[in-house]
Every structure is written in structure tokens, then in C-alpha cells.
There are 2 protein chains.
Amino acid sequence: MAVTIQEVARAANVSPSTVSNVLNGRDSRMLPETKVRVEQAIAQLGYRPNRAARQLRTGRIQMLGLVVPSVANPFWGTFAQLVESVALRSGFRVLLCNSERDPQREAEYLEELWADGVSSVLLCSSLPSISHVQPFLERGMTIVAFDRTSQLGDPPSLTNVSVDNSLGAQLATSHLLELGHRRLAFVSGRVHSVNRKERLDGFLSTVDRAGIAANEVLVWKDSGSGRAGDLDAAEVGRAAARELLSRPCPPTAFVATNDMFAIGVCAGVRDAGLRVGADVSVVGFDDIMLADLTFPALTTIRQPLPGMAAATVDYLLDGAAGQPGQSVLMRPELIVRASTGRCATGESQ
Amino acid sequence: MAVTIQEVARAANVSPSTVSNVLNGRDSRMLPETKVRVEQAIAQLGYRPNRAARQLRTGRIQMLGLVVPSVANPFWGTFAQLVESVALRSGFRVLLCNSERDPQREAEYLEELWADGVSSVLLCSSLPSISHVQPFLERGMTIVAFDRTSQLGDPPSLTNVSVDNSLGAQLATSHLLELGHRRLAFVSGRVHSVNRKERLDGFLSTVDRAGIAANEVLVWKDSGSGRAGDLDAAEVGRAAARELLSRPCPPTAFVATNDMFAIGVCAGVRDAGLRVGADVSVVGFDDIMLADLTFPALTTIRQPLPGMAAATVDYLLDGAAGQPGQSVLMRPELIVRASTGRCATGESQ
DNA sequence: CTGTTAGCGCCTTCAT
DNA sequence: ATGAAGGCGCTAACAG
């Protein structure tokens, strides 16, 4: 059916090994003219190496596994897009896996990927324990965890890439404090992941440092109705804002654990008859594409996603071989938009 | 390294062929007790067949290619998520490809997929001509085009799955007419794709049938600044709305070719100092997850994505073998929300 | 510098 | 009902 290395060899009057050598850049093992002849034959016949055969022989495959909670979530969709385009430059294809943040599904995916010969996996998981990946590391899988800082007891060969969540939360909170807010709320879903915990801690430590009394600070951790859906975040945020604003001493500013919650919070603020950016300030986290399309545009903490995607794939494909077990923290940036922009200092009490 | 079929055979006191037969469900060729013995050995040793070897031998691989314009676009992200979960149920993994709507990149991806032994491709492309896929169909690739109705001159073996765009646009437009609007605008990016053309035609035929004079109807087809980015849609919509509203006889209602444009249009309406849902009505298309989180929530035409994803994967993995070249049109549904809900009849002039 | 050789792990006739 | 044997297309020793 398809043209094989044998036929190329015949057409170029060389042996299959020589063709293989050309294919694999072992130029020193042949005359330049031989190489030219082989390359011509390859072009003429339209030869493409059979990757299954190559994989069977070498054990290597030019694919990486990308495990995300859900590509339907715009944050992960954007990340997946970036990862795919970076990987492609190195000749790697991307196998998509949606884990729904379920450790068991994560493990099942790793098993599948391993069975497919995929030994490089970019795991987007922020679960505190990742003991379930240990067996795969031991079998020789290279795993880089994204969106998760390294934790005590982590396998030493696991590399982590994440934004500095604590710093991000501090930037968000400081911004609100500088605007004159004194009654702040933090809105999040279940704080099951280390990044949410870090963001919450960053928030708490900042308000504390500013001398704000603990009873001025509200923290909403939705226990969830079972489903850990990424897509319910906005609804949770909305309900949280409504509830918090109906209390005796309602907050005047909200920090949300991510933009989807923040968008929901904005909706909840409107439900309560208040204006976002005027009566109440809201800050998100991530700077997803939609953050500046909502009304009002969302002040948020930007993750430098393109750089993070590039760095992560780099570690996965090259770096990890050199220095596994590293932990990389990327720098977030405060992006001020209308959801806080129009609150004058002191006005918000 | 890994355990092979040979070792299982030895452990079960049978030949490799028998193990293979067990693996492939050829039960009739062995005693039930033999089968049990083999299965025990498989479980005991934790044997997983080597897929590269299997692929090399059979030419088949349990993967499908998913080519989308961009997973960063929430519509495609949602679709990708659904496709992956449906495919998984049939034991298929998904290779992700972002085409950016570029026919050349599409062809390159198909080439890559073919080289990887992937012979089932779900191509989300709405380009009018798909002559570039013809060679792959001829080589034996199964391709189902999603989001594209079949066109004259299409390769006969190409199956198409799409929503009924014309009907959707009619639903959207009728809704606005029933609300009393008489000066309507249609906002789209470049109308390069057949679905955009169908939506535009559905809009035009509906206003025409309602006896609206052609000069009351505005159509905005952004020529684009070169980049066909899915993510610029909102910006285009915003600029379009601003421009159209500044004309002498501004429209009172907008139909957008999809929700991202519609979200942009809403922003543009606000830029012009008008209120969406009160002064001006906006209808989108797709019903992406964000449609009911924006402010105001977006009236839109829902595509039944879960069913569409299931049907498409079905055709790709089973159906296409039986009856290739089919064309499937799914039924859209009008979802009324606040972006049109609060416009009383007749008030909008 | 180039060719020969021996598998990688599996499936699949064809014998037995 | 089971086994033996060959080969899918490629790479990597090892000869020459």
C-alpha cells in the first residue's frame, strides 16, 4: 500500500539502513552524494516513514498527553491551544484528556497513555495529593504538573509549573485595599486544590497585614452539590454574591478565585441591585479571554499563559531529562479594568 | 520491559496465538476453560497489549483526529470535550489539531494524522471548498465534516453533520420581527464559510418575506485585517455595532452570526450609550456556555451540541462504513433571554 | 562508507 | 481446539 523504506532503498540504489540513516540525520555515515540520491528518492516516491513501525522498534512516539480538567473551560481551552501549537513545533502531536479533576480518571488516562506508548504527559491537576501518579513516574513516564506548586511529599522527579498564586492574590487584594475597601469577601468553590488554597491564603494574609478585623472578612467556600464541574463556577459565584450581599454588613469588594467565579459574582451583584465597578468592586484571577468582554470588563490577575505553555512543554520534552523535579513559579500581573476602575478611594464604604 | 503476549502464553500454558484469540474475542476457537486460564494469566501479570505492534500488524489504531479552528474558542472547546468523552466510550483517544481555519494547515494536519495511522478524522471546517481533503478520502481516510452542510461538487464519500443554519437564522430574525423591530442588522466577520452564508441568507430571506425594505437592513461583513482569529470576533462585533449605530438610520436590532460576535455587539451597543435589551435587541447563535452569563444574558439560537457530538462520532466510527456521504442537519432552538426579552412590541422604533 | 542481519510484539493464515 | 511460522516497516548493531 504505502511506500516503504525498502522501495526507497531500491530506487536510490542503497540499502534500507542507509535510508534510515538519512532519515535520522546520521549524515557522517554516508557520502554527501548518496544522501542527495536518497533524498531525491524519498521526495519522488512521496515516502513517509511508518510511525507504528518506528515506535515498535524504538519505543518512542512523538506524542504527548495533555490532561486538563475540561477543555470546555475557556482557560483550559486557551492553554490547550497554546500547548498544541508549541508541541507541534517540536513535531509532537497532542492527545487530549479531560479529567474532570477526578484522580481516578487521571490515573486511567495515564494508563491509557502509557499503553499507547506516550511517555510525556502534561498533567493539569491541582489536587493536593498526586500519589496516584507515582507508579507512572516509576515506570519511566515523564510528567510535568501544571497549575500546581510542589508540595511536601511530592515524588522528587515531578516537575511543577504554576503561576505564583499567593502573589497574585496579594496583588488583587492590595488593589482593593488601595481603593479604600475595608469589607472584603473571597469567593471560591470548594478549596480542594492547592492553587485555590494559595490564593485564599494570599488574600487572608494581605487583609490581615492591612489590619482588617477578621469579622470584616467573608470567605465563601461552596461545598458543591457533588459535581466538581468547571462550568458551574459562575453559578456558584452568582449565588455566593447574592447571599453575601444580603447579610447585615455586606462586603464592598470581592476577590474571586478565578474569572469564572468572578463573572458569576458580577451577575450576583447585579441581581442584588448594585452596580459592579461603582457600588461594588470585583477582581478575578486568570485573565481569560472573556474578562475584557464582560460588562463591566473584569479587573483580574493575568497568568502569562503563552510563556507558561512554552516553558511547560519545554520541560516536558527537553528540560525534564536534564533536571527533573524542578518547581517553576511564573509571575502574575494585575490588569485593572472597569470592575474596579471606577471606585474612588473611600467612596466604597 | 513490559510484559508481552509470549509471557502470558507461557504462564497460561498455551501458545501466543491462543492468547491473541482471547484478546480478540474469538471465543469459538478455544475451550471455555482455556479462556479462563488465559484471562487469569493476563490479570495476574497485568498484561496490556502493545498497541504499536498491533497497529503495525493490523494497520488500525484506536485514535481519531479532531480538527477544530481553535479550542480556545469556547464553542469548540465545549465540542472537543463532548467528542472526547463520546470517543472514549468506544475506546478511542483523540488527537487535537487547531487549524485556524486555514485549508493548508488542515491538509498538513491530515497528512500528519495519516502518517500516524489515524484514519478517522472529525473535521470542523466550514470552508466552501474542501477539495483539499479529496486526496485523503481517496487514500481511504474516513472524514466527517462538522459544521458544514454538503455543497455541490463535494466528494461523494464525505459525510456532513451540521445544525440547520438557515432555520436558526430564521428563528432569530422572526423573533426580532415579532418584537416589532423593523430596522435590523446582521453582523458577521468575513462570510468565508458556508454556515455564515447560510445564516446570512436565512436572515435576508426572513426580513424579505416580512416585507422589510432592503434599505432598512444593514449587513456587516468585516473584511478582517488578515488574521481569521476566532478570538477577534468579539472585537469585530463591537466595532460593527458602534459603526452601525452611528449611522443616520441606526438599526434597533442585531442578529449576530455567532455568540462571540453578539457579545461584542452588546459591548458596542453600550459604547454607543444604549441599553441592550431595552433600547436595542441582540440575538446570537450557538448558545455557548457564556451566553447566559453575560450582561444582559444573551438571546440566542442553541445548537444541540451533545447530540451533535454523539452523532458525529457515531458516523465516524460506525455509520460511515455503512453509508458514507450522508448529510445530517440538526435542529436548532431559540433561547429567549434578556438581550431581547425586555423589548416590548412596537417600542423599538 | 555501506550492506546484512536480527528482531521490536502482535496477528493471522495454515497445519496439526 | 491449539500451535507453528511468517511478516508488518523500521532501526541499530555489527560486518565488510
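Which residue of chain A forms a salt bridge with B:Arg51? The partner is A:Glu112, with the closest N and O atoms 3.0 Å apart. A salt bridge here is a side-chain nitrogen of Lys or Arg within 4 Å of a carboxyl oxygen of Asp or Glu.

This is a predicted model, in which local features need pLDDT of at least 70, side-chain atom pairs count only at pLDDT 80 or more, and totals for chains, interfaces and linings use all residues. Residues are numbered from 1 along each chain as its sequence is written, chains are lettered from A in the order in which they are written, and side-chain values use heavy atoms, without hydrogens and water.

**Extent of the interface**
- Chain A puts 43 residues into the contact and chain B 44 (heavy atoms within 4.5 Å).
- About 4100 Å² is buried between the chains, and carbon and sulfur atoms give 62% of that (accessible area, 1.4 Å probe, lost on putting the two parts together, summed over both).
- A:Gln81, A:Leu96 and A:Leu293 supply 14% of the area that chain A buries against chain B, more than any other three residues.

- The rule finds 10 salt bridges across the interface.

**Strand pairing**
- S2(A) and strand S2 (residues 93-98) of chain B run antiparallel, joined by three bridges (strands are DSSP runs of E, at least two residues, numbered from the N terminus; two strands pair if DSSP finds at least two bridges between them).
- A:Leu96 stands opposite B:Val94 in S2(B).

How values were computed
Helices (H or I, at least four residues) and strands (E, at least two) are DSSP runs, numbered from the N terminus.
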